[in-house]
Every structure is written in C-alpha cells, then in structure tokens.
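Reader: Can you walk me through this one? I'd like the helices, then the interface.

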Amino acid sequence: MVKSLNHIWNLLEDVYDPEVPVLSVVDLGIVRSVERIDKVIHVTITPTYIGCPAMQTIEKDIESKLKTHQIVDFNIITSISPAWTTDWMSEEGKRKLKEYGITPPQDEPDKSILFAEPIIVPCPRCDSSNTKMVSRFGSTACKAHYQCNQCLEPFDYFKCFK
Amino acid sequence: MTKKEALYNFVLRLGDDSLVLGQRLSELCGHGPILEEDIALTNISLDLIGQATLLLEYAGTLIPENKSNDELAFLRLEKEYVNVLLVEQPNGHFGDTIMRQFLFDAFRKPLFEALQFSTDEKLASIAEKALKETKYHLKHSSEWVIRLGDGTEESRTKIQVSLNTLYRYAHELFFTDESDEFLRQEGIISELSVIKEQWDKTTKEVFNRATISLPENNWKFEGGRVGRHSEHMGFLLADLQYMQRTYPNMEW
C-alpha cells in the first residue's frame, strides 16, 4: 500500500526523544526530510549533539514505528550537514518543553564571544527571571542546570545551540 | 604523496586527539571533584568521542584497506596513534584537567572555524558540527581557568603549576609536516600560523584575567604526531583496548 508522505510525517510525530520524552523527533527538528524515491521512503535524520547516545534508539524507534504501520520499503539516513540548531525546534515543541518543566532555548548572543554577560533564563514553573546557573552541563548534553531564586525549584534549561 | 594519503594523515591526527582526550575525560566518570563537574567533564568526553567516531570513520575510508572506525580506535599499536602528547597527559588534579582542556579548546575552536570552509566537503561538515560544541567547551574551560587563577592563593599556585607543566606540550598542537603543506596547497586546510595567532590571543587574554603568567622555561615536548608517545600512553591504551583485545569483534 502506498502511503502519502504526510502520513509518514504524522507517524513520526508519534516517535519521541528517549531523553526528553515529551518531544517528538519532529518537534525537535531532527527529521530533516521525508522523500519517496522509486517507491522507497527515505527519512533523513540529524543528531542534535555529535556524540548524542540517543541516536541509535531514535533510529530503531522510527524503524519500528514505520514497520508497525506496514511500511517496509524505507531507508533511514543520518546526515550531519547542515548541523542541527535549536532554531529547528518547533514552537509546539518549545511549549511542550516548558510545560514539562524544562526552559526552552532562549535567544543567546554568539557563543564564540568569551566573557559575554550571562543570559536570563526564566523559571519554567513560576516564570521568574531571578534564576542562577548551577552548572553549564546538565542531565544530558543538550541541557544546563539552573535554579530559581524565587520559588527555589531546580530546573533544566535546554541550551540554545547555534 | 596523494591527496588521499595526506588527508588520511590529517584526519587521523584530528580523530586521535579527540579519541584520546575523550578517553582521558571518561576516566573521571564518577570521580569528578564535584557532581556538576563530573557531569560536565563526561559530557565533554561524549562530544569528543562523537567527533572521534566521525573523524575515524572518515579516515578509514581514505586508505586502501578501508578500515572501520572501531578498528582504527581499538586495534592499532601505540606507535600508530598520532595524537599530540598534551591529550594523553594524566588528569592530575582538577586544575591540571581544566588547563589541559583549555589549551586544547583554544586550539580546536579556531581550527574548526577554518575547517568548516574546507574544500573537502566531508571534513567541512564534521568541522561545522563539532565547532558548535567546541565553543561551549572553551567557554567552560576558560571560565574555570580564570576562577582558579583569580581565586585563592592555593588555587592560583596550583593552576600556575598546571600551566607551567602543560604549556610545554601545547606547542605540538601546531606541528606540521609535508601532509599539511600538501593539503594547504590544495586549499583543503588553511595556514596553521593563523590558528596559532588566534590561540595566542585567547590564551593571553584568559591568563591575564586569571592573573597567571606564561612559564619562563619554554622547553617544548613533542613526538605524539609521529607516534612517539609519553609513558602514560600505554596505560591509557590498555584501558581503551581491553575489551576488543580480550573479546575480539565484540559488539554491544
């Protein structure tokens, strides 16, 4: 049975990032394209971080999702260029992140500038901008660890990655 | 020398630097000085191993034997590794670890910035990807150098000694030979002296802020790029290669 490409995208919206399970691979922007070439579906994905240990799981999850929907002629391609950026995260994805308790990426000045002023990362729970960075690296490569000085809750910040 | 041979040498060196420093930092997993730094250093390790995976994969395609990245990472002899001596130096105390990281990051950032415009597409795409993370690593390591240098009397003394010890290994980052010259003429890599200028600028600024100074004794160690390693390398490789040597072709 020939499925439309839209149908494939819909299926992929139901495949979740194993480390941030509220975000689908589409929300996260790691599915770069879905094409049909000679009846074979080509899904191109890109890693968030270069050593992201979730990539293999994500590939397997996409595979099993397509197979359970009787799609068998497909090919999953991993591409690293152009390199992933948090700009590719959907607005819906950012909303879901905040709801889940992770502050979505904020606009940050160019990281190549050393000694830049720290950016304001609002608390996902009480929206206070009175927060402090606890550690530049958090529970996964894509997150930093913060604490809110207002409601005192610790929280993760999904780093801006450009 | 063919273009492929020169490119293999270059990519292998980059890949080995990432692999060996990634391995060193992974030793700190569960042993970091504080929980946050344990997580930070192992995250950096993960990025470096990710770089090594791509670089060694590419290197393997450039030789007639067509080797996999696992073969290159796990099944070479010590003298066949071409990483700089700096990255194989032991973790020491936290100041040593962070100083080694800073000297390396300050080199890698301008290097990847230049390589992302390489005429070799594959190399350019790996550099473009790795650059984003390297910027973040540099931010982290430079802030720690400043905090320790401009910190207490004890932390300043210690980080100054770390610099005195490790600075002697930093010069090898700018090692070049006929492979580099060949690739430069082909437009695949740019002049390393430009990277050196940027490295000098970054390190000078950070050391000024950290109130520490460059060592007067400017003895230079090198040899890693041509396979002559320090006494630490064998122990590192024993750890790195143990599983593949004991259970050949084992897969996770």
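Author: Here is a short tour of helix packing and the chain contact. This is a predicted model, where local features need pLDDT of at least 70, side-chain atom pairs count only at pLDDT 80 or more, and totals for chains, interfaces and linings use all residues. Residues are numbered from 1 along each chain as its sequence is written, chains are lettered from A and ligands numbered from 1 in the order written, and side-chain values use heavy atoms, without hydrogens and water.

Reader: How many residues of helix 1 of chain B are buried?

Author: 19 of the 24, so helix 1 of chain B is largely enclosed by the rest of the structure. Buried means under 20% relative accessible area with a 1.4 Å probe, protein chains only. Helices are DSSP runs (H or I, at least four residues), numbered from the N terminus.

Reader: At what angle do helix 5 and helix 6 of chain B pack?

Author: About 145 degrees, with axes 7 Å apart. Axes are lines fitted to C-alpha atoms over the stretch in contact, and angles run from 0 to 180 degrees between N-to-C directions.

Reader: And helix 6 with helix 9 of chain B? How do their axes cross?

Author: At roughly 35 degrees, coming within 8 Å. Helix 6 of chain B contributes B:Leu138, B:Ser142, B:Val145 and B:Ile146 to that contact (heavy atoms within 4.5 Å).

Reader: New topic. How much do chain B and chain A bury between them?

Author: About 2,800 Å², 65% of it on carbon and sulfur atoms. That is accessible area (1.4 Å probe) lost on being put together, summed over both parts.

Reader: Which three residues of chain B supply 29% of its buried area?

Author: B:Lys129, B:Lys132 and B:Tyr136, more than any other three residues.

Note on methods
Buried < 20%, exposed > 50% of the residue type's maximum accessible area, 1.4 Å probe, protein only. Helix = DSSP H or I, 4+ residues; strand = E, 2+ residues; numbered from the N terminus. Buried area = accessible area lost by both parts, 1.4 Å probe.
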